Amino acid sequence: MHGMAGSAALLLLAVSQASSPAASLGYVALFGIGSMIGMGALSAMIAVPIAISARWLTWANRGLQGAVGTLTVAIGIRTIVATMLV
């Protein structure tokens, strides 16, 4: 469900144009599966380098964790500011 939050309007628009209720449900299911795969892939892209660096390069691991944390906070602040300006 988390993956659907940002594009719910697009999902509703596409579903409303479907030819049948079965096609609508199929689209929602496909969208949900795609969201899960996308979130899993992004999580792996972040987690794998951190896990590898934790084993051999503890100093790099700390840097990676700090960089990911800083980037995440920056994206959150940017999103909040953009939302407040709309």
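Reply: What follows takes the terms one by one, for a model that is predicted.

Me: How do you know how the protein compares with a compact globule?

Reply: For 86 residues, a compact globule would have a radius of gyration near 12 Å, whereas the protein has 18 Å. The C-alpha trace spans about 55 × 35 × 10 Å along the principal axes. Buried residues account for 12% of the 86 residues.

Me: How do you know that the length of H2 agrees with its number of residues?

Reply: H2 has 36 residues, and at 1.5 Å a residue it should span 52 Å. The C-alpha atoms at its ends are 53 Å apart, so the two values agree.

Me: Where does H2 bend?

Reply: The bend is at alanine 47 and amounts to about 25 degrees. Proline 49 follows within four residues.

Me: Why are tyrosine 27 and phenylalanine 31 called stacked?

Reply: Two rings pair if their centres lie within 6.5 Å, and planes under 30 degrees apart count as stacked. Here the centres are 6.5 Å apart and the planes are at 25 degrees, so the pair of tyrosine 27 and phenylalanine 31 is stacked. The count of aromatic pairs by this rule is one. Both residues belong to helix H2 (residues 21-56) and are four residues apart, about one turn of the helix.

Me: What does a separation of that kind do to the direction of residues in an α-helix?

Reply: With 3.6 residues a turn, residues three or four places apart point the same way.

Me: Why is phenylalanine 31 called buried, and what is tyrosine 27 called?

Reply: Buried means under 20% relative accessible area, exposed means over 50%, and partly exposed lies in between. Phenylalanine 31 has 19%, so it counts as buried. Tyrosine 27 has 32%, so it is partly exposed.

Me: Why is serine 24 called buried, and what does it touch?

Reply: Its relative accessible area is 14%, and the limit is under 20%, so serine 24 is buried. Serine 24 lies in helix H2. Leaving out residues up to four places away in sequence, serine 24 touches Val15 and Ala18.

Me: Which residues of H2 are buried, and what covers them?

Reply: The buried residues in H2 are Ser24, Phe31, Gly32, Ser35, Ile50 and Ser53. Their cover includes helix H1 (8-16) and helix H3 (58-85).

Terms used:
Residues numbered from 1 in each chain as written. Predicted model: local features only at pLDDT ≥ 70, side-chain atom pairs only at ≥ 80, totals over all residues. Heavy atoms only, no water. Phe/Tyr/Trp six-rings, centres within 6.5 Å; stacked < 30°, edge-to-face > 60°. Helix = DSSP H or I, 4+ residues; strand = E, 2+ residues; numbered from the N terminus. Buried < 20%, exposed > 50% of the residue type's maximum accessible area, 1.4 Å probe, protein only. Rg over C-alpha atoms; globule rule 2.2 N^0.38 Å. Expected span 1.5 Å × (residues − 1). Bend = angle between axes of the 7 residues up to and from the residue. Contact = heavy atoms within 4.5 Å.
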